[in-house]
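Welcome! Please have a look at the model below, and then let us walk through some of its side-chain pairings together.

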Amino acid sequence: MDSLSELVNLLNNTDKTLFRQFLQRKNKRDDVKNLALLDLIETDDIAGINKLYKPEKNKDAYHALRKRLQDNLLLFLSQKTFESSHAETYDALRLVVVGRFLLENDVVKVAFKCLDKAEKLASHLEQFNLLNELLLLKLQYAHLEGAEDLDALTARFMQNQLHMQREAKLNIAYAFLRQELQAIHLQGKIVNLTRLVITTIRKYKISAQDLMTYKSIYQILFIANEYAAIQQNYGLIERYVNRTDQFMQGQAGKKQSYLFYHISILYFLANFHLRQKDFARSASYLEEMMDLMATDSRYYAGFYLRYRLLRGLTLFFTGFANDAIGILQESLRKTNNRSKPEDIEDVRICLAMFLALCNNQQSLKQLMLLTRTDAWYEKKMGMLWTIRKNLMEILVHAQFSNIDVAISRLNSFRRRYKKYLLKTSEERVLLFLKLVEKYLQKPDVVFETTYRDQVLNLLDKPENNDIFTLSFIAWLVARREKKTAFEVALTLVQDSN
């Protein structure tokens, strides 16, 4: 999807009507084609260029028109965001804008009242960049009657500079850690997370106190959560979870102004306890998460699919498969053009897994709807996610007797990922694949003692203790037992606790 189409998809029906009115007011001539182009984008008319310009004028004129439409759409979105947002940060920003206007027009007393109110909001929200701009404005007009004492203003300005430098160091450290995480994802780089975090904190001279904010806790927990997912061992990040719990307990009862970070932290905590098979505690964090989401429609929409995914997983691995499937199906029905593609794909592959473990052929249909390339999945979802997706496709096709397709997918998988798996010391995936291949070549092999022992040996390895890995092993175990893979998976998860 091109950038202009992506921007148009951000608009709901009301926004589109308002944007059309915005364009009509700006159009000075009757022959402007921006409204016609907007219609073509909305209807996905790929041949529409010929309806706008004659063939000999198509290329240059069409691209110029697209650029003008995109510029106007960005202007419209910026105005709409600024005017309609009810976030306290925008309230503070609006007060600064008004305060500057009033000072420039000699309405001094009201201007300083606006700036004082904005400073209280920005300070409470730790919006240090906004505070910097605001305090500079106050200093610029400190000579006027009614202005604050210059020394007091200067002291606050210098203190805010220190806060800005601290935040900058945290952001640089976070960017570095994200870069290292990307190298783990895509290049198979081997690192020790604790050592990496400590080294990074020392490198950028970050104090322990600097780390005790919602934003920094979120950033560290994000890195830790991704690292644990790659390693398939959430026990590695327990120390970070415990520190987060201590921090959250210390914030109890305080006014909540960091909603995005707070909801994100609760999501990470719920996911951690889910992967540690503490389903009750995971459900408890999910309840807290929903309570906060319900206070703001923007965050409700943004976190909805991720919340429902964890809720579905919790239900599934506590024995309520039908309820879990129903939740994910309903979630997919409610997606729209504002839903993140990554979240949609995550829910869909999880639904495919649930259906497959319950021996439901609708699993094949869900897998067919995962239409993006492996390269896209590797970039957006990560190598581990993409590998699991490909393994699942092999298993599901084998489960529903598409043996030739399964063998073809298995060979393609081996060609694409064998080198990566060996590089990252993930031979266990290749061992699992070899067991699947034996089953594809000779289904009755599952009843042989040697084969059965090889499958059961997978359960003795600590690195295979994750709920998703156990679900894959459950599929193999179920081939020889008169049970669904769902029943086997539940048993394996309970036994592994």
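This is a predicted model: local features need pLDDT of at least 70, side-chain atom pairs count only at pLDDT 80 or more; totals for chains, interfaces and linings use all residues.

At 18% relative accessibility, Glu167 counts as buried. Lys215 belongs to helix H11 and Glu167 to helix H9, so the pair ties together parts that are 48 residues apart in sequence. Lys215 itself is partly exposed, at 23% relative accessibility.

Glu167 also turns up in the surroundings of Phe128. That residue lies in helix H8 and is buried, with a relative accessibility of 6%. Setting aside residues up to four places away in sequence, Phe128 touches Asn160, His163, Met164, Arg166 and Glu167. For a sense of scale, the C-alpha atoms of Phe128 and Asp444 are separated by 67 Å, and the two residues are 316 apart along the chain.

How many salt bridges does the count come to? The count comes to 25 salt bridges.

Arg156 forms a salt bridge with Glu119, and their closest N and O atoms are 2.6 Å apart. Arg156 lies in helix H9 (residues 150-187) and Glu119 in helix H7 (residues 108-125), so this pair ties together parts that are 37 residues apart in sequence. Glu119 counts as buried at 12% relative accessibility, whereas Arg156 is partly exposed at 28%. In the other pair, the side chains of Lys138 and Glu148 meet at 2.7 Å, N to O.

## Aromatic rings

Now for the rings. A pair of aromatic rings is described by the distance of the centres and the angle of the planes. A search of the whole structure finds 24 aromatic pairs. One of them is formed by Tyr218 and Tyr261, which are 5.3 Å apart centre to centre with 45 degrees between the planes, a tilted arrangement. Tyr218 lies in helix H11 (residues 214-231) and Tyr261 in helix H13 (residues 259-275), so the pair ties together parts that are 43 residues apart in sequence. Are these two residues buried or exposed? Tyr218 counts as buried, at 12% relative accessibility, and Tyr261 is partly exposed, with a relative accessible area of 22%.

Both tyrosines belong to a cluster linked by ring pairs, whose members are Tyr174, Tyr218, Phe222, Phe260, Tyr261, Tyr267, Phe268, Tyr299 and Phe303.

## Charges over rings

The ring of Tyr267, a member of that cluster, has the charged end of Arg306 sitting over it, 5.9 Å from its centre. Another arginine, Arg479, lies over the face of Trp475, at 4.3 Å from the ring centre.

## His273 in helix H13

Helix H13 is also the place of His273. Is His273 buried or exposed? With a relative accessibility of 5%, His273 counts as buried. Apart from neighbours within four places in sequence, His273 is in contact with Val241, Asp278, Phe279, Arg281, Ser282 and Tyr285.

Which residues of H2 are buried? They are Asp15, Lys16, Phe19, Phe22 and Leu23. Seen down the axis of H2, the buried residues fall within an arc of 115 degrees, so they line one face of the helix. The face turned away from this buried side carries the exposed residues Asn13, Thr14 and Arg25.

Technical notes
Residues are numbered from 1 along each chain as its sequence is written. Side-chain values use heavy atoms; hydrogens and water are left out. Rings of Phe, Tyr and Trp (its six-membered ring) pair if their centres lie within 6.5 Å; planes under 30 degrees apart count as stacked, over 60 as edge-to-face and the rest as tilted. Helices (H or I, at least four residues) and strands (E, at least two) are DSSP runs, numbered from the N terminus. Buried means under 20% relative accessible area, exposed over 50%, partly exposed in between (1.4 Å probe, protein chains only). A charge sits over a ring if NZ of Lys or CZ of Arg is within 6 Å of the ring centre and within 35 degrees of the ring normal. A salt bridge is a side-chain nitrogen of Lys or Arg within 4 Å of a carboxyl oxygen of Asp or Glu. Contact means heavy atoms within 4.5 Å. The arc is that of the directions from the helix axis to the C-beta atoms.
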